[in-house]
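Have a look at the model first.

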Amino acid sequence: MILETIWFFLWGLLWAVFFMTDGFDFGVGTLYPFLGKTDTDRRVMINSVGPLWDGNEVWLITAGGVTFAAFPLVYATMFSSLYSALMLILFALIIRGVSFEFRGKIDHPLWKKVWDTAIFVGSAAPAVLFGVAFANIFRGLPFDSQGYHGTLLSLLNPYGLLGGGLFLCLFLQHGALWLCLKTTGPLHDRAVSAANTIWYGLLLLAVIFLIASAMATTLYDNYLARPVLFLVPAAAVAALLGIKVLLKKEAWAGAWFSSALTIVLCTFFGIIGLFPKLFPSSLGEQYHLTAYNAASSPLTLKIMLTVVVLVIPVVIAYQIWAYLLFRGKVAEGDLEY
């Protein structure tokens, strides 16, 4: 049971790291048509994430791979239940990646407008859909031994949409703070204004989501059984308030790290509440897929743990190197996209 528990929280950690790293990419792409007033502004925004976005998505592949290898039954059920939503996310991510590369190939207004739209859609859609998907996992999905009994539209229930709105707001805040770090001049001023405005919307949605979770899910059961766990959502609230404090002090790096911490802690609020359920069913407890009834064999989990201990430090070292290499403000001479 120890191995299954370790892998449950590693699974959650990988998703949290993905949301923390790729979250600011989604935010920058969604803010793109609103903050990029000139072609130079838009190129600066693209180049602020251009060298990093594909590396950030390594964590998405890792999280998906861990789900497949450590919890194959969850992988199979998740991809059949959320097939439409996950395919939409995949198509959106492909469109976003292509748009970064293609936008600058032809200097024509219509060509650029098409790819500008693709950047916005390819960034906003995954942000919302990841929130919808995870909120529905927290709530429980209608599946049993015969399979999934819902549709794509049944995922768009009020709690699912609230989760989509919360994720979008988290990533918008993260992206606006990234632009505060990476830009100068009027674009920087607009990013600061956006970060300050979005913070209030994020605070409101976070409060509503916490209240709605008590009514629509069983996430609080683990917290009520072990009250010390309330330190996690309390730390998330402190990190969220820290963003505003650091924004007032114009400590852009500190505010961005506080936003990253908010995303990680918000993810773990759900992960801890779910434990040991990985993919709960709304049709009965006997259909829940947990860390214990859906895990691979102990030998497989041991081999995977050895691989993770050896490989993940290399991936982390590579990403730190990439972030340090491209640190600092984006200047006009740096515009490659």
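Helices (H or I, at least four residues) and strands (E, at least two) are DSSP runs, numbered from the N terminus. By that count, the protein chain has 13 helices and four strands. The radius of gyration (over C-alpha atoms) is 20 Å, close to the 20 Å that the globule rule (2.2 Å times the number of residues to the power 0.38) gives for 337 residues, so the chain is as compact as a globular protein of that length. Its C-alpha trace spans about 60 × 40 × 40 Å along the principal axes.

This is a predicted model: local features need pLDDT of at least 70, side-chain atom pairs count only at pLDDT 80 or more, and totals for chains, interfaces and linings use all residues. Residues are numbered from 1 along each chain as its sequence is written, and side-chain values use heavy atoms, with hydrogens and water left out.

Take contacts (heavy atoms within 4.5 Å) between residues at least 6 apart in sequence: 79% of them join residues at least 24 apart.

| Residue | Backbone feature | Loop |
|---|---|---|
| Glu 250 | positive phi, about 60 degrees | between H11 (231–248) and H12 |
| Pro 276 | cis peptide bond with Phe 275, omega about 0 degrees | between H12 (252–274) and S3 (277–279) |

Glu 250 isn't a glycine, despite that phi. Its side of the story also includes being exposed (over 50% relative accessible area), at 56%.

Methods
Buried means under 20% relative accessible area, exposed over 50%, partly exposed in between (1.4 Å probe, protein chains only).
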